[in-house]
Structure formats: C-alpha cells, structure tokens
Amino acid sequence: MKLKKSLFAICIFSCTAITAQQAGFNVLEKDYDISRKAKKGYLGGIEGKDNGTFDMIYFLPSSKKKVKIETYSFDKEANLVNTVKDEWEIEKARKRYKGLTYKGDLLINKAISVSSNMMGKMVYKNREVTAKYNWLAGGYVKKVKMLDKQKLVNENGDEYLFGGAYEVEKDSAILVIGYPYSKEKADFSKMDLLKVNNDGKITNLESINTTYQLRPVFSKPLLDDDSKNIENDDLPRDWIHIMSPAKGTAGTPNEMTYFRISPEGKIKENFKFVAPTAGYRIINAYEKN
C-alpha cells in the first residue's frame with residue numbers, strides 16, 4: 001500500500017495534541033492511504049472538533065472556477081472514519097477554508113513599487129507581476145518584471161523624501177510615509193501618509209507632526225495566528241512602522257516612534273517608547289488575542 005508521509009506525520013501531530021491533555025504523552029502512530037489526486041495537491045488545514053475528532057483537508061489541482069477538496073475524518077483514536085470528495089466555487093471555498101490561497105492558475109497584474117533613490121527621494125516603478133500556482137507548495141510562484149520609473153509627487157508638484165512603504169495588494173495600492181520636498185529643501189516638521197494606487201493616483205490621507213526628521217527602523221505587517229496559512233496579500237494586516245530620530249537631529253537616538261496603520265490607511269496607534277539602546281533591532285511584531 002502506497003503511503004503519504006505527510007498524512008502519517010500530521011496524524012501523529014494531531015493525536016499528540018489530543019493525548020497531551022491526558023496523563024503522560026502517549027503518541028498514536030497510524031498510516032493511511034490517500035488518493036493519487038490528493039498526493040498532487042497539498043494539506044490545507046486540520047480542523048479539530050470539541051469531542052476530540054478532527055478533519056484533514058486536502059486541496060487538489062482544480063479548474064479556474066471550482067476547487068476540488070478531499071476531507072479525511074478521524075475519531076479521537078486517530079482511526080479514519082470517513083472520506084468526502086467535494087467541489088466548491090473558488091470564492092466560497094476561500095471564505096470557508098483559511099488554508100486555501102488559490103485564486104486562479106495564472107495571474108498577471110500591473111502594480112507599482114515605492115522605494116528611495118540614492119538621494120533619499122521617493123520614486124516608484126511600474127512593474128508586471130506574473131504568478132503561477134503551485135499545487136504541491138500550496139502557493140504562487142511569482143515573477144516580477146520592472147518597468148519604467150517615475151517620480152512620486154503630491155498635488156502641488158512637490159516630491160517626497162522616503163519614510164516607509166507598505167503594499168496592500170488586495171487594494172492595488174501602496175501606503176507611503178514621506179516628508180514633502182520642494183526647492184531643494186525638506187520640511188521635517190511633518191510627514192504625509194499617502195495612498196498610491198497602481199494607476200499612479202496619489203491621495204494624501206493624513207499629516208503627522210514630527211518636529212524633527214525620523215527614519216524607518218522597522219516596517220512589516222502585523223503577524224497573527226493565521227500568518228503561516230494566509231498570506232498578507234489575501235488578508236491584509238495592520239502595518240507596524242517604527243521610526244527613530246535621524247543622525248544630527250535634536251531627538252534622543254533610542255527614542256522610537258511607533259505607528260499602527262490599518263490597510264485602509266487609518267492611523268490606529270501612534271506613541272513613543274524608549275528602547276534599551278540606540279540601534280535596537282526589532283525582528284517582528286505579533287498580535288495574540
């Protein structure tokens with residue numbers, strides 16, 4: 001009998017979680033065969049029930065409109081009790097199953113990227129993103145082709161000094177923080193929070209008082225319990241952006257300014273905190289409960 005190693009391993013993991021609550025740590029090890037089609041797909045999730053039973057859900061290579069799903073159901077002793085084959089419309093399946101990232105076999109999108117040039121000025125480049133879905137990996141393999149480069153200016157024609165950027169692919173936009181820059185001089189008393197659409201349209205969402213120049217030291221999506229299974233492209237999280245005083249300013253080097261900004265561009269939190277030392281390294285920001 002041909003066996004799928006990942007099914008065997010996940011059964012052990014699931015049963016460990018069940019038996020860990022009992023005295024000792026007894027681990028159940030049982031092997032089960034899965035279909036050939038399931039072997040070409042990926043394990044998209046494990047759903048535990050209150051009574052100790054659990055389902056293992058496989059997503060199979062599918063069409064443009066529907067997703068094929070095989071569900072293996074186990075009792076609390078890790079005995080296989082049922083197998084269900086089903087087919088869902090893509091959008092309904094994506095709402096029902098968190099582990100499903102499939103949106104179509106081949107996606108081609110026009111997008112932009114925002115970055116800083118050698119002078120610190122903000123520029124954006126048009127780009128073409130081609131994404132091919134890999135069913136074994138359960139995700140897209142992307143290829144990015146950079147196109148023409150353009151200046152990023154506000155409605156007054158002023159350029160910006162780069163202060164940070166966050167892509168919200170679902171909205172085809174990028175949130176940007178920058179200092180207005182005109183006539184060879186920047187105003188460091190305030191920063192602008194901007195939204196730049198893929199068509200180049202710029203919307204000034206809010207101005208932020210800063211007194212002196214700040215530079216970004218950390219800029220990432222907020223992690224949560226679903227981050228490993230659901231990409232930020234599919235479920236945009238809040239943007240955590242932390243800045244510190246630039247060299248030569250009146251600011252204390254280890255005083256950090258923290259921003260939590262929603263994917264829609266609303267500043268939800270903004271406060272200062274003192275790090276143990278200047279140059280303090282922040283690796284990730286994670287939200288629990």
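**Before starting.** I'm working from a predicted model, where local features need pLDDT of at least 70, side-chain atom pairs count only at pLDDT 80 or more, and totals for chains, interfaces and linings use all residues. Residues are numbered from 1 along each chain as its sequence is written, and side-chain values use heavy atoms, with hydrogens and water left out.

**Terms.** Strands are DSSP runs of E with at least two residues, numbered from the N terminus. I call two strands paired if DSSP finds at least two bridges between them.

**Entry 1.** I looked up the sheet with β5 in it. Its 3 strands come in the order β5-β6-β7, with antiparallel pairing, and the sheet is open. β5 (106-116) and β7 (139-151) are the edges; each has a single partner strand, so one side of each has no neighbour in the sheet. From one strand to the next, the twist averages 25° (axes are lines fitted to C-alpha atoms, and angles run from 0 to 180 degrees between N-to-C directions).

**Entry 2.** How many bridges join β6 to β7? I found 11 between β6 (residues 122-134) and β7, running antiparallel. Y124 sits opposite Q150 in β7.

**Entry 3.** Next I took the open sheet of 4 strands, ordered β13-β14-β15-β16 and paired antiparallel. Its edge strands, β13 (214-221) and β16 (267-274), each pair on one side only. Here the twist averages 20° from one strand to the next.

**Entry 4.** Which residue in β15 stands opposite I242? I noted Y258. Strands β14 (residues 239-245) and β15 (residues 255-261) run antiparallel and are joined by 5 bridges.
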